[in-house]
Amino acid sequence: MRSTLLAMALSAALAVPTFAGEPAWRETAIKQRIDPASLAGPLSAEALRDLVQKGRDLFEARFTILDGAGRPNATQAIVPTASRRPAEQAFQRLAGPDANACASCHNEPVTGGAGGFVTNVFVSEGFESADFDTLDPQFSNERGTNHLFGAGLVELLAREMTVDLVAVRGLALKQARASGEPARMDLASKGVAFGRITALPDGSVDLAELDGVDADLVVRPFTQKGVMTSLRQFTVNALNHHHGMQPDERWGARWTGTADFDGDGVADEIGTGEVSALVAFQASLPPPRETALDDPAWRNAAAIGRQRFADLGCETCHRPSLPLESLAFADPGPVDMAGTLRRGDVETPAVYDLALLEWAKTLPRNDKGEILVPLFGDLKRHRIADTRTAALGNETLAQRFVERDVFMTAELWGIADTGPYGHRGDMTTLDEVIRAHGGAASDSAKAYRDLPEAERSALIAWLKTLRIEP
């Protein structure tokens, strides 16, 4: 009797009540499921903190085969695609899976940050890619790991910019119908120009003059090519590609007819609640800042460098800040696509009010009360290479219909802590990557090269003040 009571007490002490009473030592990374029904409407500050912590736990979790890590019968493609050949190894660095945890790559200087060259990933054109086990650039592009700090602000900016551009299209169509003549209008939002659109009286639109945005006018702020709409889309893609963990909102029975698409014996590996927690964590990461300097010499050099940055025309693309009207981050978002949870899939989206976070209280505002997001970017694609200066466009494979030498403007906030640089992470200094700018940035790069060495050094001194401060 005594031994039975002792066993019962031991079992109770060691049980994990949130996961079917399994013992704490069970080799799973996911210790509890998150009920998506609990995520609706505005979350309180306490509920948001709890969800963010759960998201951090998942971001740092090292997934195991008991969780469903690996994808023996599925590829890295963003459209659920059965593998064309049996997987010889559970992990491989090319087509993946290639990481145990999100934080395996996003870890410099801290969790959520960037990654060194060793964490490079290989991305295909993305839709129904075959598995590949070669470095031949016709099959994939090698890319460095971007940091995620300030990512929630970036997505909110992109959503507001999309609304502005779509409104211009609607106005042009209305004018064309009313006048019976083509209506040509500038496409712009938050001071960033995206070319022009011409609406025709028959309701069609001429998109030949678009610049730096997709034909649907959705600003896609994530990845170096600017092809990911939201943190949710990025997260769903990455879970399958890098970990072999299939979110059920894309690989589940609704879309594929099976709860175990990859055939590894684990059904419904990641639920919508877990994806939501990962999104909340990433969206809550504080933005990098321009740091105050104690060293007088560095401080003086940085002041000169900041001015030279403007003088060289770098702010044309690397805009010091963009205005944001609202800090309310709805999940799912308004432009999430098929394969991720969408507005129509839920009765009420969850809302993570970033204004509840301490860091949000220190963000500057303009005279309209808008938040000034200090990203040093423009959320727009630009041609960044040419035949004379090709280092930043040396890829063979186009991605998502974006030309090989066209990339999203890299946000410079946090750049001091997120080297190496360039799309492949193969440039070890800021001087190298500035000199490598071609295409639309050729004039600025030449002007930089022509500066006296002391002024180039001062510009680098200023860039080194743009830091991630967790």
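Author: Here's a walk through the cavities, then a pocket, then the chain around them.

First, some housekeeping. This is a predicted model, where local features need pLDDT of at least 70, side-chain atom pairs count only at pLDDT 80 or more, and totals for chains, interfaces and linings use all residues. Residues are numbered from 1 along each chain as its sequence is written, and side-chain values use heavy atoms, with hydrogens and water left out.

On a 1 Å grid over the protein atoms alone, a cavity is a set of points where a 1.4 Å probe fits but cannot get out, while a pocket is an open set with protein on both sides within 12 Å along at least five of seven lines; a lining residue has an atom within 4 Å of a point. Points are joined across faces, edges and corners, and volume is the space filled by probe spheres set on them.

There are 2 cavities of 30 Å³ or more. The largest cavity holds about 60 Å³. Its lining includes Gln-246, Pro-247, Asp-248, Trp-251 and Gly-252, along with Ala-259, Asp-260, Phe-261, Asp-262, Val-266, Asp-268 and Glu-269. By class, that lining has 5 nonpolar, 2 polar and 5 charged residues (Ala, Val, Leu, Ile, Met, Phe, Trp, Tyr, Cys and Pro count as nonpolar; Asp, Glu, Lys and Arg as charged; the others, Gly among them, as polar).

The second largest cavity has about 40 Å³ of space. Around this cavity sit Gly-212, Val-213, Asp-214, Val-218, Val-219, Arg-220 and Gly-226, plus Leu-379, Arg-381 and Met-408. Its lining splits into 5 nonpolar, 2 polar and 3 charged residues.

Now for open space: the second largest pocket comes to about 450 Å³. It is lined by 23 residues, with Ala-87, Glu-88, Gln-89, Ala-90 and Gln-92 the closest to its centre. Sorted by class, the pocket lining has 11 nonpolar, 6 polar and 6 charged residues.

Of its 470 residues, 51% are buried, meaning under 20% relative accessible area with a 1.4 Å probe, protein chains only. Counting contacts (heavy atoms within 4.5 Å) with a separation of 6 or more, 72% come from residues 24 or more positions apart. Finally, the C-alpha trace spans about 85 × 65 × 50 Å along its principal axes.

Notes. Buried means under 20% relative accessible area, exposed over 50%, partly exposed in between (1.4 Å probe, protein chains only).
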